[in-house]
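Good morning, and thank you for the time on today's agenda.

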Amino acid sequence: MIQNIKKTWYYFKRNGLAAAVAKASEQISQQSSERGYQVWLAKHLPTPEQLKIQRQYKLANPITFSVIVPTYRTNPVFLRQMVDSVLDQTYPQLELCIADGSPDDSVSDILKEYRDSRIRYQRLAENKGISGNTNAAFAMANGDYIALLDHDDILTPDALYEMAAAVETDPTIDMLYSDEDKVSADLKQYFNPHFKPDFNPELLRTNNYICHFLVVKKDLAACAGHFRPEYDGAQDYDFIFRCSEQARNIYHIPKILYHWRSHIDSTAANPQSKLYAYEAGKRALESHLQRMQKQNNSGKPSDQNKSKDINLKTEVSHTSHLGFYRVQYIPLSGSHTEQCYMHICDAKSLKPQLRTEIQQELTANCMRPEVGIVGGKTLYPDGRVLQAGLRRTEEGTYEPEFQGLKKRYSGYMHRADLQRCADSVSFDCFAVKRELLEQLGISPQDLKTQEDINRLCGIIKAAGYLVIFTPYACIRMKHSGMIHDEMEHI
C-alpha cells in the first residue's frame, strides 16, 4: 500500500493531478481484477503428475542450458531459494554459473552446502557491477543456450523443460522468452502477471517487455556481445536489442515460468529506486535505432523488396510511465504524404492543425522501409477508447483492442498508449504505402470497409512488412460507432 502511494505521488509530480487520479483509479480497478490471480496460477502451474512425466521424458536432441547468475552480497534465504529452483528443474541438463562479486564468503559458504556438480562458482577479485559480474558468468558457460536469472528470483520447475521442448520442436529457435509474474519476498503472494505477446519489435521499442525469462543460444549471445557496463540498469534491455537484431527465430512461450521477487530494494517493488535505469534504457533504445538505421541504409538482401529509407531521424523521449518510451520518426526533407494513401475520418472537433499532426504521425511511420501500413487510435465521443489496434482471434475474426477503456486509462501494461505491431488497424484512421498497394495489385478504391483493411493487413504481414498501431495519431468520433458515410479522403 505504501509503495503504491509513493508511486502515485511521484506520478502526480511528473504528470499533474488529473493524470494521477486516473492512474490511481485504474490501478485500483486492476488490483481488484488481479485478486483471483493466485487461484488462476494454481490451476495453470504443472501438477505433480505432469512434473513427474517431464522428469522421465527424454528428448531426441537434448541440449544443455547454462543458467547465468551474478551475485553480490545476496540475501542467504533468497540465494538458497534461487539455487533450489534451478537444481529442481524437471529438465536436468543444466549448469548453474555463478560469478560472485561479494567482498566476503557469504555466497560461497552457502554454495558449499550443495553437493551438485552442476554448480559452477567463481569468486571475483572485485565487484565488477551487474554487467561485469554477468559477463564473468558468461565466460564460465559451456551450454548450448544461455539462460539469464537474477540472484533473488525463482524459476518454476518446468521452465527449462518448456524451453528445451520448444527447441526440440523447432531447432531454428535461437532466442526464447516466457511470461512472468511477481512474488512477495516471503513467496506467499503471486501478483502482477505479465502475459506477453509473441515477438513484437515495435512494442520492444517502447519498453523491455521481454525481460524474464530470457534464453539465448550461446552462439547468438557471443555474436551479439555480452552485457555492456555503460548501460548498467538497463543492460538486459540493451542485450535483448542486440540479440533480437541478429536472431533468426524468436519464440515466445505463453506460460508463467519466472517469478520476479518484489522486495524493498528491487525495481519490481519500487521503480523510483533506479531512476538511472530509465535513462540507461533510453540510451540503449537510441543505440538500437542507430544500428537499425545503418542496416536500412546498407540495403541488406532481406530488405531488397522494401522501400528505401527516406532519411528519417528518430527522437526518443520518456512517456508519463516510468520505463516506457516514445520513438518519434521525423522525415528530414520535404513532405511525403503523396507516397501514402491516407484515410482519416471526419472526426469531432478536429482542428486544421491537429489534422496536420495526425498526417505527420501516420506518414512518418508509413514511410519507414519495414512498415506497410499504420493506423491510429479512435475514441468514442465521451473519450473512451473505440479501438487501439485490432487483434485477430483464433476464429479468424478481428476484435478492437481496449474497446471501452475509460478516458485517461492506459490499459494493460499501458499498451493502449504504446506504439506496437498489431494484426490490423482501424479503417477510420490509417495510411498505407502507395508503392506497396501497386506491388500487391490493390487500388485505394478497393478499401471501402473495415473488412477490406483487415484483409489488406493480412496480405501486408504475409509480404514481410509490419502493421503498426500508433496512439499518437488519435481522433475522437462524432458518433458512438464507426459512421463511414461521413469520411473524407486525404
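Histidine 194 lies in strand S7, which covers residues 190-194; helices (H or I, at least four residues) and strands (E, at least two) are DSSP runs, numbered from the N terminus. What you see is a predicted model, in which local features need pLDDT of at least 70 and side-chain atom pairs count only at pLDDT 80 or more, while totals for chains, interfaces and linings use all residues. Residues are numbered from 1 along each chain as its sequence is written, and side-chain values use heavy atoms, with hydrogens and water left out.

Is histidine 194 buried or exposed? With a relative accessible area of 10%, histidine 194 is buried, where buried means under 20% relative accessible area, exposed over 50%, and partly exposed in between (1.4 Å probe, protein chains only). Setting aside neighbours within four places in sequence, the residues in contact with histidine 194 are Asp179, Glu180, Tyr209, Tyr412, Met413 and Arg415; contact means heavy atoms within 4.5 Å.

Tyr412 also belongs to a nonpolar surface patch of about 240 Å², together with Trp40 and Phe195. Patches are made of residues with over 30% relative accessible area and no salt bridge, like charges being joined within 9 Å and nonpolar side chains (Val, Leu, Ile, Met, Phe, Trp, Tyr) within 5 Å. The areas come from the Shrake-Rupley method with a 1.4 Å probe, and for residues only the protein chains shown count as cover. Tryptophan 40 sits in helix H3, residues 37-44, and is partly exposed at 31%.

I turn to the aromatic pairs. Rings of Phe, Tyr and Trp (its six-membered ring) pair if their centres lie within 6.5 Å; planes under 30 degrees apart count as stacked, over 60 as edge-to-face and the rest as tilted. The count by this rule is 14 aromatic pairs. One of them joins tyrosine 37 and tryptophan 40, stacked at 5.8 Å centre to centre with 20 degrees between the planes. These two residues both lie in helix H3, three residues apart, about one turn of the helix. Tyrosine 37 is buried, at 5% relative accessibility. The rings of phenylalanine 138 and phenylalanine 239 have centres 5.9 Å apart and planes at 45 degrees, so this pair is tilted. Phenylalanine 138 is in helix H7 (residues 129-140) and phenylalanine 239 in helix H11 (residues 235-246), so the pair ties together parts 101 residues apart in sequence. Both phenylalanine 138 and phenylalanine 239 are buried. Tyr37, Trp40 and Phe195 form one aromatic cluster.

Finally, the charged pairs. How many salt bridges does the structure hold? There are 23, a salt bridge being a side-chain nitrogen of Lys or Arg within 4 Å of a carboxyl oxygen of Asp or Glu. Among them, glutamate 95 and arginine 120 meet at 3.9 Å, N to O. Glutamate 95 lies in strand S2 (residues 94-100) and arginine 120 in strand S3 (residues 119-123), so the pair ties together parts 25 residues apart in sequence. Glutamate 95 is buried at 9%, whereas arginine 120 is partly exposed at 29%. Another salt bridge joins arginine 228 and aspartate 238, at 2.8 Å, N to O. Arginine 228 is in the loop between helix H10 (218-224) and H11, and aspartate 238 is in helix H11, 10 residues apart. Aspartate 238 is buried, with a relative accessible area of 0%. Glu202, Arg368 and Glu370 are linked in a network of salt bridges.
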